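Hello,

Here is the structure I promised to pass on to you.

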Amino acid sequence: MNTEFTIRETANKLAVNQQTLRRWDKSGRLKAKRKQTGKISRYYYDENDIENFLSNNFQVLLKIAQKWALDPNPPEILRRFHCPDRSIFKARLSRLEYDLSQNYNLTKIFPLIVAVTGEIGNNSFDHNLGNWPDVPGTFFGYNTNKRKVVLVDRGQGVLKTLRQVRPTLPDHLEALKVAFTEIISGRAPEARGNGLKYVRKVVVDYNFKLFFHSGDAVLSLSKINKTLKIEKNPDFVKGTFAIINY
Amino acid sequence: MYMVIELKKFGTTLTSREEGREALAAFKPSLSDITDSESVEVVFTGVNTFSPSWGDEFFAPLIKQFGTRLILVDTKNLSVEATLNMLEKIHNIKFTRRNEAE
């Protein structure tokens with residue numbers, strides 16, 4: 001079912017103001033539809049049109065993802081980018097796999113992109129099942145032209161998860177360091193916790209880039225930054241916010 | 001004598017722990033038929049994406065049960081290769097691999 005949104009609702013969903021939407025309508029960047037009621041003509045937007053626009057405009061999508069990660073009262077996410085449960089995430093991951101496999105230049109590495117995305121996305125579900133603080137699930141978007149994937153969750157974050165097995169962890173900086181370097185799991189006594197180490201190895205070995213934000217700590221990882229660069233950030237992400245660049 | 005497990009029968013995108021666990025549970029009854037002298041061949045042909053979460057759930061018990069009698073076939077897919085390297089490190093084991101599916 002396709003939903004319609006007013007200009008105000010659309011502005012809210014796209015994290016822009018209504019003036020910007022009117023400008024985009026005029027320039028053709030995102031065309032509004034019109035409804036005539038008597039003499040009054042009203043703007044409205046189809047959910048599909050907004051989602052298509054976001055699929056093609058990664059910068060706007062990223063801004064929304066960031067807002068969703070940071071805002072104490074996050075706006076509702078458009079359905080195409082929200083995976084409220086694991087089965088929807090899996091379906092969208094398969095779609096990513098299909099889209100990437102169509103690109104001849106990625107024939108060899110697309111399985112690695114999907115594996116890394118799968119590890120980060122599945123972590124969100126594994127570590128927050130039954131414990132989502134507010135909105136369950138992940139924000140999952142990608143743009144194959146920009147070669148980027150974004151994944152966000154509003155879960156408990158890395159520090160809180162790891163403190164279940166390592167209560168002495170002092171802060172988010174140390175938590176990210178441990179998560180990406182040590183085989184340790186927030187779901188002990190299960191023998192887990194290798195996913196992010198795998199992510200790290202693939203990012204470094206295959207020249208990807210990773211931005212990973214949890215709490216007030218941000219990790220940047222690339223072939224050049226292979227010794228983990230973890231810094232404090234003024235923004236606070238309660239769950240996790242990741243951008244993979246392949 | 002050996003048993004063959006074709007992983008593609010569990011799907012072509014093998015990434016989550018939940019599904020890895022389910023796959024093993026589905027296959028477990030057949031494993032009890034294997035004698036001490038038999039080996040188990042796990043064939044990766046046709047798998048697109050393979051990640052450590054799925055791999056660990058499925059392989060950790062197999063490693064325990066079969067050790068070096070586990071033979072991995074057609075592992076050249078980069079996600080398979082990278083995941084197997086990670087599993088070897090975690091479980092401190094060296095898998096026997098055969099790269100041409102025969």
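This is a predicted model: local features need pLDDT of at least 70, side-chain atom pairs count only at pLDDT 80 or more; totals for chains, interfaces and linings use all residues.

**Overall build of chain A**

Chain A contains nine helices and eight strands. Its radius of gyration is 19 Å, close to the 18 Å that the globule rule gives for 246 residues, so chain A is as compact as a globular protein of that length. If you follow the C-alpha trace along its principal axes, chain A spans about 65 × 40 × 30 Å. Of the 246 residues in chain A, 41% are buried. Looking at contacts in chain A with a separation of 6 or more, 57% come from residues 24 or more positions apart.

**Domains**

The chain is divided in two: domain 1 of chain A covers residues 4-55, and domain 2 of chain A covers 77-245. Taken over C-alpha atoms, the centres of these two domains of chain A are separated by 32 Å.

**The sheet and the helix across it**

Chain A has an open sheet of five strands, which pair in the antiparallel sense and follow the order S4-S5-S6-S8-S7. Its edges are strand S4 (82-83) and strand S7 (209-221) of chain A, each of which pairs on one side only. The partner of S7(A) is strand S8 (residues 229-245) of chain A, and this antiparallel pairing runs over 10 bridges.

**Where chain A meets chain B**

How many residues of chain A are in contact with chain B? There are 22 on the chain A side, and they touch 20 residues of chain B. The elements of chain A that give two or more residues to this side are helix H5 (86-101), helix H6 (110-128) and helix H9 (195-205). H6(A) provides the largest share, with eight residues. Sorted by class, the side of chain A that touches chain B has 10 nonpolar, five polar and seven charged residues.

Happy viewing, and best wishes

Key:
Residues are numbered from 1 along each chain as its sequence is written. Chains are lettered from A and ligands numbered from 1 in the order in which they are written. Two residues are in contact if their C-beta atoms, placed from the backbone, lie within 7 Å. Helices (H or I, at least four residues) and strands (E, at least two) are DSSP runs, numbered from the N terminus. Ala, Val, Leu, Ile, Met, Phe, Trp, Tyr, Cys and Pro count as nonpolar, Asp, Glu, Lys and Arg as charged, and the others, Gly among them, as polar. Two strands pair if DSSP finds at least two bridges between them. The radius of gyration is taken over C-alpha atoms; the globule rule is 2.2 Å times the number of residues to the power 0.38. A residue is buried if 20 or more other C-beta atoms lie within 10 Å of its own, exposed if 12 or fewer, and partly exposed in between; C-beta atoms are placed from the backbone. Domain bounds come from an automatic or database domain assignment.
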